[in-house]
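Here is a short tour for a first look. Keep the sequence and the 3D view side by side as you read.

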Amino acid sequence: MSGSDQSYITDTLIAEDIDAYLHKHQHKTMLRFITCGSVDDGKSTLIGRLLYDSKMIFEDQLANLESDSRAHGTQGQGIDFALLVDGLAAEREQGITIDVAYRFFATDKRKFIVADTPGHEQYTRNMVTGASTADLAVILVDARQGILTQTRRHSYLVNLLGIKNIVLAVNKMDLVGYSQERFYEIVKEYAHFAEQLGIKSFLPIPISGLAGDNIVTRSENTPWYQGPTLLGHLEDAPINATQMQDAPFRMAVQWVNRPNLDFRGFAGQIGSGTIAKGDAIRVLPSGKTSRVKSIVTYDGQLDRAMAGQSITLTFEDEVDCSRGDVITVADAPCEVADQFEATLVWMDEAEMLPGRPYLLKIGTQTMTATVTEPKYEVNVNTLEHLTSQTLAVNAIGVVNISTDRAIPFEAYAQNPDLGGFILIDRMTNATVAAGMVHFALRRSQNIHWQAVDIDRTAHAAIKGQQARVVWFTGLSGSGKSTIANIVEKKLHALGKHTFLLDGDNVRHGLNRDLGFTDADRVENIRRVGEVAKLMSDAGLIVLTAFISPFRAERRMVREMMETGEFMEVHVNTPLEVAEARDVKGLYKKARAGNLKNFTGIDSPYEQPENAEMTVNTVELTAEDAAEQVVAAILAGL
Amino acid sequence: MTSTAQKSMSSDTLTHLQRLEAESIHIMREVVATAENPVMLYSVGKDSACMLHLAKKAFYPAPPPFPLLHVDTTWKFQDMYALREKAAADAGMELLVYQNPEAVEKGINPFDHGSLHTDMWKTDGLKQALTKYGFDVAFGGARRDEEKSRAKERILSFRSASHRWDPKQQRPELWKLYNTRKAKGESIRAFPLSNWTELDIWQYIHLENIDIVPLYYAAPRPVVDRGGMLIMVDDARMPLLEGEVPMMRSVRFRTLGCYPLTGAVESEAATLPEVIQEMLLTTTSERQGRAIDHDQSASMEKKKQEGYF
């Protein structure tokens with residue numbers, strides 16, 4: 001059926017049975033698409049034509065258009081459709097569009113939102129913005145010019161943003177005499193390029209935006225073309241949201257709704273999958289599980305809801321869940337990680353600073369993140385990988401990103417809702433980059449937090465104590481191990497559950513691979529800290545005896561523990577006293593130059609500034625010092 | 001879930017109105033979750049009615065967690081004032097009404113003061129109200145399809161401390177990730193209806209049975225013809241020209257504002273389907289009834305830079 005016939009029937013329906021028309025239009029679907037082309041490919045003319053042909057232009061606008069066409073138009077006395085869509089006054093005078101504009105039109109089947117993006121080379125940023133919400137892309141080519149550098153750039157970006165549905169609109173066919181040969185020549189060239197990019201399929205259509213060929217109605221000028229018209233294809237192309245319905249359920253929590261003490265609902269827009277009353281769910285990153293008690297909406301409770309809907313869920317159990325968390329189906333949760341590889345499109349005039357903290361927004365949560373130097377930058381014209389120390393505005397590169405906490409995510413290619421993110425400058429608040437997650441780095445991949453019912457409080461309670469980490473620090477030979485050992489014996493005698501970690505029992509096993517360089521000392525303490533944390537989770541009173549010479553690492557360990565659980569004990573023995581004792585003969589070796597990096601000799605010891613306790617082993621015996629430490633531990637228990 | 005159930009599920013597709021509704025709700029929740037002191041600008045028109053309805057849905061069963069603000073000019077239609085009170089009460093929301101005290105004092109009106117009327121009551125009034133209450137985010141019912149310069153307006157529009165809009169300082173909006181961060185003194189205008197068209201609004205009002213001002217439906221009303229615009233004589237403050245006699249005509253309004261500035265259209269459409277029918281078959285666009293953008297087609301853009309919505 002031709003477009004003009006369609007609009008005639010529509011008008012008749014509106015005139016004769018408005019209720020039937022309304023009913024029909026309440027069941028329309030919606031497609032969002034992006035048009036991209038170079039400056040003179042006729043993009044604005046094409047969009048103007050779609051608005052005009054679908055009767056989205058009113059008579060007064062048409063009158064404006066006619067007078068504007070005479071004043072600014074490029075079509076002589078004819079109507080310049082491009083003027084319908086060129087927006088801001090300044091750019092209208094320049095004759096170019098410089099931003100993303102959204103246009104609307106509708107047919108009997110669908111409502112369309114068109115992202116109109118500029119063809120100018122420096123505006124990659126706008127195209128990426130427009131493409132991020134598009135179900136389909138129309139890539140315009142001037143039949144006289146063929147495939148240009150910018151066509152490649154646009155195709156690369158469209159593919160990067162994961163748009164599967166691509167139309168190659170070969171425009172201005174009227175200016176090449178509707179030549180079938182020219183059309184197929186361009187299609188062949190594009191197919192070659194598309195294959196390089198990994199574009200699996202595209203639909204080529206010969207059109208003329210100006211003359212209207214194959215836009216709404218099939219053109220008599222191209223009898224050799226058997227495919228759909230542009231509008232016909234737009235009406236039938238699949239929609240992303242529909243395709244996401246078959247994926248596992250995911251919803252990022254936007255808002256916890258607590259109107260009163262009896263109601264606690266978790267509001268969000270379903271990103272993928274479906275959810276039904278009674279379904280088992282899991283909250284990430286905590287990993288807690290429950291079941292859906294109700295799906296609440298203003299229009300009543302639903303039995304089930306699907307991707308794209310904004311809803312509110314309540315759970316059977318009181319489960320911690322707040323803004324930023326992701327609710328997933330219980331048996332197919334998404335990954336949780338804090339380090340990723342991702343592609344970044346840089347959008348800010350100030351270039352990227354590797355190592356600098358930015359804010360990262362993904363789903364409904366925002367956290368601090370740092371970005372490494374690019375692994376490579378992509379030359380989007382040649383697809384070459386370039387080495388680069390940074391990314392400038394409109395540059396695209398692959399980087400590693402590290403976030404300050406573990407976040408639920410999915411690869412962008414699988415689920416843009418949980419794989420697309422933005423970076424925000426902490427000072428200017430500008431959106432500086434768009435990012436697409438590839439995968440989690442090996443270190444953090446596939447480690448799910450398993451929520452446990454017997455938690456740290458329960459572990460400690462059954463032992464009749466509170467967990468503690470008592471961290472002895474001091475020079476070699478200061479008496480740390482001796483005192484810690486006596487402390488443990490005393491606590492044990494009192495029926496407390498303890499464990500002593502010291503340099504010797506750790507360095508023979510867990511940390512066997514580490515030496516005594518500064519980097520190895522840092523890693524040594526990090527590992528001891530992690531082990532101590534696990535043991536404190538188990539409810540134990542953990543005693544550690546390590547030189548742990550650097551303040552930064554002691555602070556790091558302190559921050560790993562629950563507030564109030566960490567107790568730093570400085571075994572304060574002057575170097576000359578420790579060296580005089582030299583129980584293990586190490587000072588002698590170090591002085592002789594046979595032991596490198598020995599603390600106090602050729603490696604520094606940074607005195608604690610805020611230790612909970614200091615024991616002086618010159619004035620006190622080890623027994624008395626231990627008695628004081630035990631008293632302090634018990635006082636806190 | 002069985003694979004059959006999944007399959008039948010995937011053939012379900014949200015309609016365009018369901019998608020628009022879900023998007024608007026998502027925007028409202030994102031903005032409110034990160035705002036300190038949000039407000040909804042409520043003009044009593046059909047777009048405001050839709051926006052308020054969506055806000056009720058977004059936060060149900062809680063009432064929308066912000067007040068409504070009506071920047072009043074004292075020259076709105078009487079029917080609008082009546083619905084304003086009722087709508088706020090029905091939603092369980094606080095209604096703030098602000099009138100620019102300087103305009104009150106000087107008796108600014110559309111007959112004697114021309115464009116000063118809009119500048120003082122609406123543009124200045126809005127800025128004053130936002131400053132007075134310290135609102136950091138204001139929801140507005142503007143749509144991208146209303147006017148060419150609005151096609152490029154972001155869903156979140158950032159305004160400087162002096163409420164100015166700078167086209168160069170607007171942020172890219174990717175996916176549905178809204179960057180709501182702002183510096184001290186800056187504020188945000190949030191437009192949850194950005195992607196709705198006039199027809200979408202009408203269809204939604206019809207589908208959801210939303211209460212709108214009766215002026216949208218045709219009824220016999222007293223009007224005078226002023227330079228081709230039919231102006232309704234809504235109260236005794238309307239100065240009649242010499243020899244001018246209000247005539248009863250069956251008219252309705254396609255947009256609502258200050259009654260002396262809002263042109264009526266002759267119509268018999270007394271029900272919502274009839275209004276939609278007439279709209280679809282008509283040949284003039286919605287904004288033509290407003291005196292404000294007749295000067296030049298870029299005037300809306302200037303107004304926006306000055307701080308008018």
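## The barrel in chain B

Two strands pair if DSSP finds at least two bridges between them. With that in mind, turn to chain B of this predicted model. Here four strands close into a barrel. Their order is β7-β8-β10-β9, and the pairing is antiparallel. On average, neighbouring strands of this sheet are turned by 75° against each other, direction ignored.

Strand β7 of chain B covers residues 219-226, and strand β8 of chain B covers residues 229-232. The two run antiparallel, joined by four bridges. Which residue of β8(B) stands opposite V223(B)? That residue is M232(B).

## The open sheet in chain A

Chain A holds an open sheet of five strands. The order is β25-β26-β24-β27-β28, with parallel pairing. Two strands of chain A form the edges: β25 (498-502) and β28 (613-616). Each of these pairs on one side only. Neighbouring strands of the sheet are turned by 20° against each other on average, direction ignored.

Five bridges join β25(A) to strand β26 of chain A, residues 541-545. These strands run parallel.

Which helix of chain A lies across β24, β26, β27 and β28? Helix α20 of chain A does, with residues 622-636. Among the strands it lies across are β24 (468-473) and β27 (566-572). Helix α20 runs at about 165° to β28(A).

## Where the chains meet

Next comes the contact between the chains. On one side are 92 residues of chain A, in contact with 73 residues of chain B. The area buried between chain A and chain B is about 7,100 Å². Carbon and sulfur atoms give 59% of that area.

How many salt bridges are counted between chain A and chain B? The count is six. One salt bridge joins the side chains of R32(A) and E23(B), at 3.4 Å from N to O. The side of chain A that touches chain B has 41 nonpolar residues, 30 polar residues and 21 charged residues.

How values were computed
Residues numbered from 1 in each chain as written. Chains lettered and ligands numbered in written order. Predicted model: local features only at pLDDT ≥ 70, side-chain atom pairs only at ≥ 80, totals over all residues. Heavy atoms only, no water. Axes fitted to C-alpha atoms, helices over the stretch in contact; angles between N-to-C directions. Contact = heavy atoms within 4.5 Å. Buried area = accessible area lost by both parts, 1.4 Å probe. Salt bridge = Lys/Arg side-chain N within 4 Å of Asp/Glu carboxyl O. Nonpolar A, V, L, I, M, F, W, Y, C, P; charged D, E, K, R; others polar.
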